[in-house]
Amino acid sequence: TDQHKRDALNQGTGAILWSATTTSGTGSQEAAAAVAVALNTVYVGSDAALHAFNMATGAVVWTYPLTSLAGFSSPVLQPASGPTPALVLIGTNDKKLHAVNATTGAGVWVHTAGATLAFGSVAVAQGKVFLFDFSSVVALDVATGAVLWTQVAPQIPRHSPAIAAGVLFYSDDQTAYGLSTATGAPVWKAPIPGNGNPNSPGAELAIALEILLVPNKGHLYAFR
């Protein structure tokens, strides 16, 4: 919540099982971001830290200090792969993307972008991390944070990307686009019906049953 507290509820009754306090800072958008759950741990971004809580008890597992508020950026989990440990990835308002060891809370790498990373979450697939850096889509190596490719977008990307079948999908609330996750090359695009206002509210894209779902201006559009 914006009171810097997270509650775990019984799914059947709604009773509070445990409450945990997060680090307070200067922001008030903590409730806007989702938590992530993996490895029997709940990961929560706050104004000043990334927190890991025991899923059963709410006990603090570790706390990783952030250099700025996370805002609307939700923690994203990357499973362990070979020598690379499981990672938690979270963006912050000071243009940083932090990759943190999901088990120990130790920092693994930090990427500095050209714009705030607190207005959406990254996506991970095929050993890469994908993020929106103002008017560009950027792919990083998940193990090292090295930049693999950058693709300038026709308009500023909004919300967070969705990935399926080697294609990264995103929208600017007027058009939906698809980029190759391997190279960043454009491979697909479709206008969103009934649009035209670049400041109109949209929402996160989703993919199910090989269909791309794009909410926008009170309607849900499906693309195959």
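This is a predicted model: local features need pLDDT of at least 70, side-chain atom pairs count only at pLDDT 80 or more; totals for chains, interfaces and linings use all residues.
**Exercise 1. Explain why strand 4 (residues 41–45) counts as largely enclosed by the rest of the structure.**

Step 1. Count the buried residues: five of the five in strand 4, so the strand is largely enclosed. Buried means under 20% relative accessible area, exposed over 50%, and partly exposed in between (1.4 Å probe, protein chains only). Strands are DSSP runs of E with at least two residues, numbered from the N terminus.

Step 2. Sort the side chains. Thr 41, Tyr 43 and Gly 45 point one way from strand 4. Val 42 and Val 44 point the other way.

Residues are numbered from 1 along each chain as its sequence is written, and side-chain values use heavy atoms, with hydrogens and water left out.

**Exercise 2. Find the pairing partners of strand 4.**

Step 1. Take strand 3 (residues 36–38). Strand 3 pairs with strand 4 in the antiparallel sense over three bridges. Two strands pair if DSSP finds at least two bridges between them. Ala 36 has Tyr 43 of strand 4 as its bridge partner.

Step 2. Check the turn. The hairpin of strand 3 and strand 4 has two residues between the strands. Leu 39, in this turn, has a positive phi of about 55°.

Step 3. Take strand 5 (49–54). Strand 4 and strand 5 are antiparallel too, over five bridges. Here Val 44 stands opposite His 51. Three residues link the two strands in a hairpin.

**Exercise 3. Describe the hairpin of strand 17 and strand 18.**

Step 1. Set the limits: strand 17 is residues 175–180 and strand 18 is residues 186–191. They pair in the antiparallel sense over five bridges.

Step 2. Read the link. Five residues lie between the strands, and Gly 184 takes a positive phi near 85°.

**Exercise 4. Characterise two residues, Lys 95 and Phe 134, that have a positive phi without being glycine.**

Step 1. Lys 95 has phi of about 75°. Lys 95 sits in the loop between strand 8 and strand 9 (96–101). Lys 95 is partly exposed because its relative accessibility is 36%.

Step 2. Phe 134 has phi near 55°. Its loop runs between strand 12 and strand 13. Phe 134 counts as exposed because its relative accessibility is 52%.

Step 3. Go on to strand 13 (residues 136–141), which holds Val 137. Val 137 is at 1% relative accessibility, so Val 137 counts as buried. Its C-alpha atom is separated by 9.4 Å from that of Tyr 170, 33 residues apart along the chain.

**Exercise 5. Identify what lines the largest pocket.**

Step 1. State the volume: about 400 Å³. A pocket is an open set of points on a 1 Å grid over the protein atoms alone, where a 1.4 Å probe fits, with protein on both sides within 12 Å along at least five of seven lines; lining residues have an atom within 4 Å of a point. The volume is the space filled by probe spheres set on the points, which are joined across faces, edges and corners.

Step 2. List the lining. It has 21 residues. Thr 116, Phe 119, Gly 120, Phe 132 and Pro 157 lie nearest the centre.

Step 3. Assign strands. Strand 8 (87–91), strand 12 (128–133) and strand 15 (158–164) each supply at least two lining residues. Strand 15 gives the largest share, three residues.

Notes:
Helices (H or I, at least four residues) and strands (E, at least two) are DSSP runs, numbered from the N terminus.
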